[in-house]
Amino acid sequence: MFKAKNIISAIALVVLVILVAPAYGLAQSTPENSEIAQIVEQSHANDAFWSVVVRDSSGQILEQYNKEKLVQPASNLKLLTSAAVLNELGPDYTFKTKVYGIGYQAGSTWEGDIIIRGTGDPSISGTFYNENRFHVFNKFFSAIDSMGIQKINGNLIGNTSFFDEQPYPKGWSWEDLSFYYGVEISALSFNNNAVDLRVYADGQVGEEPQIEWFPFDTDYVDFVNEQVITPRGTEYDEYYRRLLGTNTIVLRSKLPKGYVETESLSILDAPRFFLDTFKKYLEDGDISLNGRIIIDNQEVNWDSKRYKKLTEHESKPLEKLLTRINKKSDNFYTEMLLKTMAAEHYNAAGNTELGLSLIEDFAASMKMDTTKLEMSDGSGMAAGTLVTLDDLSQMLIEMQKHPHFKTYKNSFSIAGIDGSLEHRFVNTPMEGNVFAKTGYVSGVRSLSGYMNAKSGKSLAFSVVTNNYVDKTSYIDYVQDKIIRELYKRF
């Protein structure tokens with residue numbers, strides 16, 4: 001009887017330890033004397049939350065640290081989003097932006113409206129056209145000009161029915177909405193829905209610096225320049241804010257004498273910005289528009305004889321656009337492609353919620369536990385987005401079997417070579433051997449992808465740090481140290 005009681009007590013004690021240990025941090029996924037655990041615990045950021053998972057090409061876990069804990073992945077979520085988009089649309093998918101006319105031509109005058117049908121192309125900018133940001137506009141202008149048209153006696157209409165009218169995903173912070181990484185999402189978009197500001201601190205100390213902006217120093221936005229030139233050697237102090245609900249942008253930066261600053265700042269009402277800029281482009285080429293600018297979000301039967309197609313622009317294929325997501329970590333491209341995927345799949349106005357449902361379906365096919373996946377956006381900027389690295393690394397392994405894996409991996413940054421990893425791992429054995437995606441929002445730093453280890457093994461890895469208060473450069477240093485250890489050991 002005494003022995004039986006002892007056995008029962010021992011079992012109860014073991015159960016109690018198992019239940020209580022996680023609450024006190026005693027149940028680490030990796031032994032506390034492992035190299036990874038030591039790197040984390042011996043760092044100045046050991047009070048942050050760390051999660052690490054490393055798998056070989058077969059999916060076997062080689063290293064783990066808090067692998068099943070939910071973490072905020074920041075832009076590492078783009079690895080899942082881009083994979084789902086690639087799976088849904090295919091690498092050869094292109095966007096077609098078409099220009100239609102309603103009416104007739106009378107000599108050099110078009111009697112009627114000109115309609116631009118937006119279909120979600122994020123690349124109507126200079127990114128893929130030798131930095132000529134008017135490349136697409138010039139194509140549209142040339143088609144109208146070649147018809148001998150010098151005057152449009154009607155309206156310039158932008159049709160945006162391919163997407164819904166919600167400009168932002170849920171969960172984006174209002175503080176981010178002034179900048180290039182928090183711009184509107186619209187089926188008709190130009191220059192990443194931002195104006196490009198350049199500031200020259202070439203005056204005297206205490207004076208306002210000179211400013212100019214693309215496109216055309218447009219009056220679509222109103223800059224309130226309250227910036228000040230400070231003495232040489234002082235620190236640059238940045239302040240830009242667009243007053244929400246307006247196109248008034250307040251500038252209050254302090255710039256040392258001789259300093260030149262560039263910044264892309266968001267605009268309000270993306271399709272109207274597109275049309276306003278195109279109207280100015282037409283007028284610069286001596287084609288006048290006598291009507292109004294109109295935004296139309298109603299579905300249209302484009303096959304009707306009423307609509308005469310004047311020209312169209314076809315984008316570069318998706319395999320090239322994906323590099324903007326994973327090499328450049330572009331939120332705008334990510335959310336535009338998310339809505340495009342939904343529009344094409346459901347043959348309805350693309351919206352974020354439908355796109356996220358497709359990502360969740362794809363995640364399940366990649367053997368991820370979707371009960372542990374929370375998403376508010378596709379780019380990872382929303383604070384409510386959560387995932388486990390157990391699942392994220394599992395997706396990376398499953399993608400190796402995907403027919404478009406080569407395209408997928410080619411969209412990643414290469415250590416020491418390009419993208420967001422261009423300046424990391426330079427002149428180390430990892431240069432050219434790490435193919436990964438970085439991630440950052442306040443208090444979150446992440447790095448996930450593939451590695452060719454020293455032994456020649458192919459690894460899939462994820463490293464995420466949450467709730468840190470140290471400088472991000474120091475978190476990078478610790479994460480890089482972990483990657484070096486993995487490279488050397490495996």
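In the predicted model, strand β22, which covers residues 444–452, and strand β23, which covers residues 458–466, pair in the antiparallel sense over nine bridges. Within this pairing, S446 has V464 of β23 as its bridge partner. The two strands belong to an open sheet of six strands, whose order is β2-β1-β23-β22-β21-β20 and whose pairing is antiparallel. The edges of the sheet are formed by β2 (61–65) and β20 (413–414), and because each of these has a single partner strand, one side of each is left without a neighbour in the sheet. Helix α9, comprising residues 389–399, packs on the sheet and touches β1 (49–56), β2, β22 and β23, and the direction of α9 makes about 25° with that of β1.

Two packed helices are described by the angle between their axes and the distance between the axes. Helix α6 (residues 318–326) packs with helix α7 (residues 331–346) at an angle of about 135°, and their axes lie 7 Å apart. The crossing in which α6 passes α7 is left-handed. On the side of α6 the contact is made by L318, L321, R324 and I325, and on the side of α7 by Y333, T334 and L337. When the residues of this contact are divided by class, five are nonpolar, one is polar and one is charged.

Helix α7 also packs with helix α8 (residues 352–365), here at an angle of about 85° and with the axes 8 Å apart. The helices α7 and α8 are therefore roughly perpendicular to each other. To this contact α7 contributes L338, K339, M341, A342, H345 and Y346, whereas α8 contributes T352, L354, G355, L356, S357, L358 and I359. By class, the contact of α7 with α8 holds eight nonpolar, four polar and one charged residues.

D286 is located in the loop that lies between α5 (270–284) and β16 (288–289). The relative accessible area of D286 is 64%, and D286 is therefore exposed, as this value is over 50%. In sequence, D286 and Y259 are 27 residues apart, while in space the separation of the two, taken from C-alpha to C-alpha, is 37 Å.

Note on methods. Residues are numbered from 1 along each chain as its sequence is written. This is a predicted model: local features need pLDDT of at least 70, side-chain atom pairs count only at pLDDT 80 or more; totals for chains, interfaces and linings use all residues. Side-chain values use heavy atoms; hydrogens and water are left out. Axes are lines fitted to C-alpha atoms, for helices over the stretch in contact, and angles run from 0 to 180 degrees between N-to-C directions. Helices (H or I, at least four residues) and strands (E, at least two) are DSSP runs, numbered from the N terminus. A crossing is left-handed if the near helix is turned anticlockwise from the far one by less than a right angle, and right-handed if clockwise. Contact means heavy atoms within 4.5 Å. Ala, Val, Leu, Ile, Met, Phe, Trp, Tyr, Cys and Pro count as nonpolar, Asp, Glu, Lys and Arg as charged, and the others, Gly among them, as polar. Angles under 35 degrees count as roughly parallel, over 145 as roughly antiparallel, 65 to 115 as roughly perpendicular and the rest as oblique. Two strands pair if DSSP finds at least two bridges between them. Buried means under 20% relative accessible area, exposed over 50%, partly exposed in between (1.4 Å probe, protein chains only).
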